[in-house]
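Have the model open beside you as you read.

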Amino acid sequence: MIRLLSRRVLAAAVLLLVITAITSLLTVLVPDPTHNLLGTTATAEQILAKKRELGLDRPVLERYLEWLGGAVRGDLGVSWFTGLPVAETILARLPITVSLAVIATLVSAVLGTAFGMAAAIRRGWLDRALQVVAALGFAVPGMWVALLLIIVFAVQLRWLPATGYVAFADNPADWARSLVLPVVAIASGSVAAVAAQTRNAVAAVLGQDYVRTLRSRGLPAWRLLLRHVLRNAAPAALTVVSLQFIGLLGGAIIVEQIFAINGLGSLAAASSNRSDIPMVLGVVVVGVLIVLTVNLIVDLLVSWLDPKVRTR
């Protein structure tokens, strides 16, 4: 287990270095941020002075190495537009996006596992219905689902707020209400994906010889499903859940803008539009760290469920 953890951490560090380097190199393609900072009336001398101030007159590799040296020490720089520290700005918005993604992932995992197991066990019309729902979940964009939810539950029924976010510390009840529609919009497609994968994994395990042997010995159905079938089907389902979590982070960018939620997704979109390179790099670092952490946790869970993974 320690060797597995060491390999994963080393691979994560290399991947983080590669992704930040590529992102930094791609910043040469973004529009010149000095025009947004100084306005259209700025003179050529003012623009040149601003570029020197921001370091845009230096080679991109030199700028990346300087940024990397600060990032290793925990300093992600300062936003070119707000003048606030990048790390401070990201930490203020991170709980919003993480709460959205984590809750949506939990909803997807619980509902997807329940529906997938039911379809694999019952078969028949339930199995066919799951296949239809899964196809719809893959086909319908989350943006459409979000707009439909707003029209029905916020505008017409007025059960839930259409936009905004309430911090948990301010009002737990309003916090939960503000997350219902965004979570449903993000998780709608993921539930179908997890359910489809769980159904296939559980159906494959149910066809194994040892399952038939345990059933013939009179083992209670609930113990057979939970201790043997679900545990052996869990690695495949966990892999899908981790992939869905990555997709949910990407979907949060769109959903946060639709629901006017000031999370990490809206920050990334605004920073990209303004060519705020320090903020973009900071968001990339935090996003990659979140994904790598989730993948590491999933790898450890899979290796615990399936000891053969540790030797690979």
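This predicted model holds twelve helices and zero strands. Its C-alpha trace spans about 85 × 55 × 35 Å along the principal axes. Of the 312 residues in the chain, 39% are buried. Among contacts with a separation of 6 or more, 72% join residues 24 or more positions apart.

| Property of the chain | Value |
|---|---|
| Buried residues | 39% of 312 residues |

Now to the inside. The largest nonpolar core has 25 residues, and Ile90, Leu264 and Val283 have the most contacts within it. Two or more residues each come from α4 (60-72), α5 (86-122), α10 (221-258), α11 (264-274) and α12 (277-305). Of these, α12 gives the largest share, eleven residues. Which residues does isoleucine 90 touch, leaving aside those up to four places away in sequence? They are Leu264, Leu267, Met279, Gly282, Val283 and Val286. Apart from this core lies another, of 20 residues, including Leu149, Ile186, Ala187 and Phe259.

Helix α5 is worth a stop of its own. With 37 residues, α5 reaches 52 Å from its first C-alpha to its last, close to the expected 54 Å. Along the way, α5 has a kink of about 35° at arginine 93, shortly before proline 95. Just after α5 ends, arginine 123 takes a positive phi of about 55°.

How values were computed:
Residues numbered from 1 in each chain as written. Predicted model: local features only at pLDDT ≥ 70, side-chain atom pairs only at ≥ 80, totals over all residues. Heavy atoms only, no water. Core = buried A, V, L, I, M, F, W, Y, C linked by side-chain atoms within 4.5 Å. Buried < 20%, exposed > 50% of the residue type's maximum accessible area, 1.4 Å probe, protein only. Helix = DSSP H or I, 4+ residues; strand = E, 2+ residues; numbered from the N terminus. Contact = heavy atoms within 4.5 Å. Expected span 1.5 Å × (residues − 1). Bend = angle between axes of the 7 residues up to and from the residue.
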